[in-house]
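Here is a short report for a reader meeting this structure for the first time. It moves from a loop to strands, then to ring pairs and a pocket.

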Amino acid sequence: MIPHITTGSGGTKRLIHYLFGPGEHNEHTDQHLVASWNGFAPDPGPQPDPATEAKLAAQIDLPVNALPQGQRPTETNWHCSVRTAPTDRLLTDDEWADIARRVVAAAGIAPDGDTKACRWIAVRHAPDHIHIAATLVRQDGRVARRSYDRKAVQAACRTIEEDYGLRQLNRGDGTAPQRATSPEHFKAERLGRTRPARDELREAVRQAKAAARNEAQFFALLEGTGMKVRSRQAPSGDITGYSVAHPSDTNAAGEPIYYSGSKLSPDLSLPEIRKHLAAQDQSAPVADPWHAAADAARHTLAVLDSDDDAGAQAHLAAFGDLLDTTTFAAPAVSKAELRSAAAAFHRATRSTIRADHQQAAALRRAAKDLIYTATSGQDSTGLAVLLSIAILITRTAMHWHQVRDHQQQQAAAKEALAHLTAAYEQTARPALTALARSVSRPDATRRYETALRQAIPEHADRILADPTWPALTATLAQAEKAGTKPHQALRNAAEQRELTTAQSPAEVLHWRITGTTTKRQLAAKARSTGLIAPAPAAPPAPLPEPIPPTPQRRR
């Protein structure tokens, strides 16, 4: 059950006319009152009735109009829509009436038993939601006390969901981005867009932030996505903020509708972006960004398992950046799932815990290196190694949020996990299948089995029965060729993290050994050539794959 609260001034006449009217797209049906402050307020009904609408508005606004002009509050109207989930059963008018009374009581509009409370009505004009319209001046002339009404109404809705057997939404902590409103969804549908402008803008800003190495580049990348960008300057000329607009999202006068970064998401305000950009590792670029990113991501697991909440929160935010930049650098086959994973995990990157962003500087640098030094065809094995670690990080993030009762963040990580798993299957399964075909000789396989039982006897039977065991033998052969003894490779891989909960322990060991072997080979190559890595080219602007604005459909 989702409540959405807005406030305004100037009386309730226009709002009442909208609630009892046909709607912007004739979507309103069977308009009628289900409840009111006194139980017998005039009901205009589904047919146009301007006289009754005016009478109803006058009665609701009476306490406001009774005050002298100079004593009226700036905001006089309160409007709350309450919507059930598509999977919920249809509620009766009596049930909606009870819900409306509980909502206005929680908000401080009309506390239970208060005969001098604000006047209000609840209108139903669709099967799945109601609108509550109220005045903010009580009948005794005082202004309603509604501190933290949004938070209080959200809490009331969680209780209502339980009482009525409705879908239980996760409790929030005030760090979630603002959802697109119903009118924004209707507008997107009318213009032929798959998502509201707010959502597309949020993704564009988030990805520019993840890719940028400095503030100037952030704005250049953002402009490169096709979005309109407007900066706010102080008299000194310093930039103090910014706002963005979708090129096809305009008002009635044809002017772009701008959203500030903070309105898109709390972490996308300019001050937060500057904190993000300041916490970057300035070390030299690496030869293989995929394996370097995987190496940096392994440290995130250790931090999430520690008691350092500030560091863990920073690593979660940097991991969100890594998912965004992986989307750009990955091959086309996995881009869609990775993009969905990044969008879902964005909610899991924020909580009320203050992040120490400097602790995750290395991971953030590795994320940016993927865009500027990696190529999608460079090393599919590197991407598979990274995705295997990303899946483990996401599972760990789910647990981290769960023990801290971050319900929305836990749910977001769970959603991201499904997309990451799909991307992993698209990337890793073909490589594993091909590797399994290069089965080692029978004598070598027996030798690897002996090494396995020697290195990790407690997991040996599970690994030998694992379908990925043939691929693991090929991996052990490659490690042995690179100079690592099989039993040592297996033991080192097993010590990185427990295997008990792994669905496919052989697969886990394969990617761990592959990552270690590749890292050693790259180090040996660097030593032999005397080079660490080639100097990176100038960073591109816009992003390697700019997000195109959704074209408008001709009407």
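Gly10 counts as exposed, because its relative accessibility is 78% and the cut-off for exposed is over 50%. The model is a predicted one. Gly10 is found in the loop between β1 (2-8) and α1 (13-20). Its C-alpha atom is separated from that of Asn77 by 7.6 Å. Along the chain, Gly10 and Asn77 are 67 residues apart.

**An enclosed strand**

Strand β2 covers residues 32-36. Five of its five residues are buried, so β2 is largely enclosed by the rest of the structure. The cut-off for buried is under 20% relative accessible area. Strand β4 (residues 120-126) pairs with β2. The two run in the antiparallel sense, and four bridges join them. Within this pairing, Ala35 stands opposite Ala122 in β4.

β6 pairs with strand β7 (residues 239-250) over six bridges, in the antiparallel sense. Ser231 stands opposite Tyr242 in β7. In a regular strand, side chains alternate between the two faces of the sheet.

**Aromatic pairs**

How many aromatic pairs does the count come to? The count comes to five aromatic pairs. Two of them are set out below.

| Pair | Geometry | Centre to centre | Angle between planes |
|---|---|---|---|
| Phe218 and Tyr242 | edge-to-face | 5.7 Å | 80° |
| Tyr424 and Trp511 | edge-to-face | 6.4 Å | 80° |

Take Phe218 and Tyr242. Phe218 lies in helix α7 (residues 215-224), and Tyr242 lies in strand β7. The pair therefore ties together parts that are 24 residues apart in sequence. Phe218 is buried, and Tyr242 is buried too. Ring pairs also bring in Phe219: Phe218, Phe219 and Tyr242 are linked into a cluster.

Now take Tyr424 and Trp511. Tyr424 sits in helix α15 and Trp511 in helix α20. This pair links distant parts of the chain, 87 residues apart. Both Tyr424 and Trp511 are buried.

**The second largest pocket**

The helices α15 and α20 come up again here. α15 (407-437) and α20 (505-529) each supply at least two residues of the lining of the second largest pocket. So do α10 (289-304) and α14 (380-403). Which helix gives the most to this lining? α14 does, with six residues.

The second largest pocket has a volume of about 790 Å³. Its lining is made up of 24 residues. Ser388, Ile391, Leu392, Arg395 and Val508 lie nearest its centre.

Note on methods
Residues are numbered from 1 along each chain as its sequence is written. This is a predicted model: local features need pLDDT of at least 70, side-chain atom pairs count only at pLDDT 80 or more; totals for chains, interfaces and linings use all residues. Side-chain values use heavy atoms; hydrogens and water are left out. Two strands pair if DSSP finds at least two bridges between them. On a 1 Å grid over the protein atoms alone, a cavity is a set of points where a 1.4 Å probe fits but cannot get out, and a pocket is an open set with protein on both sides within 12 Å along at least five of seven lines; lining residues have an atom within 4 Å of a point. Grid points are joined across faces, edges and corners, and a volume is the space filled by probe spheres set on the points. Rings of Phe, Tyr and Trp (its six-membered ring) pair if their centres lie within 6.5 Å; planes under 30 degrees apart count as stacked, over 60 as edge-to-face and the rest as tilted. Buried means under 20% relative accessible area, exposed over 50%, partly exposed in between (1.4 Å probe, protein chains only).
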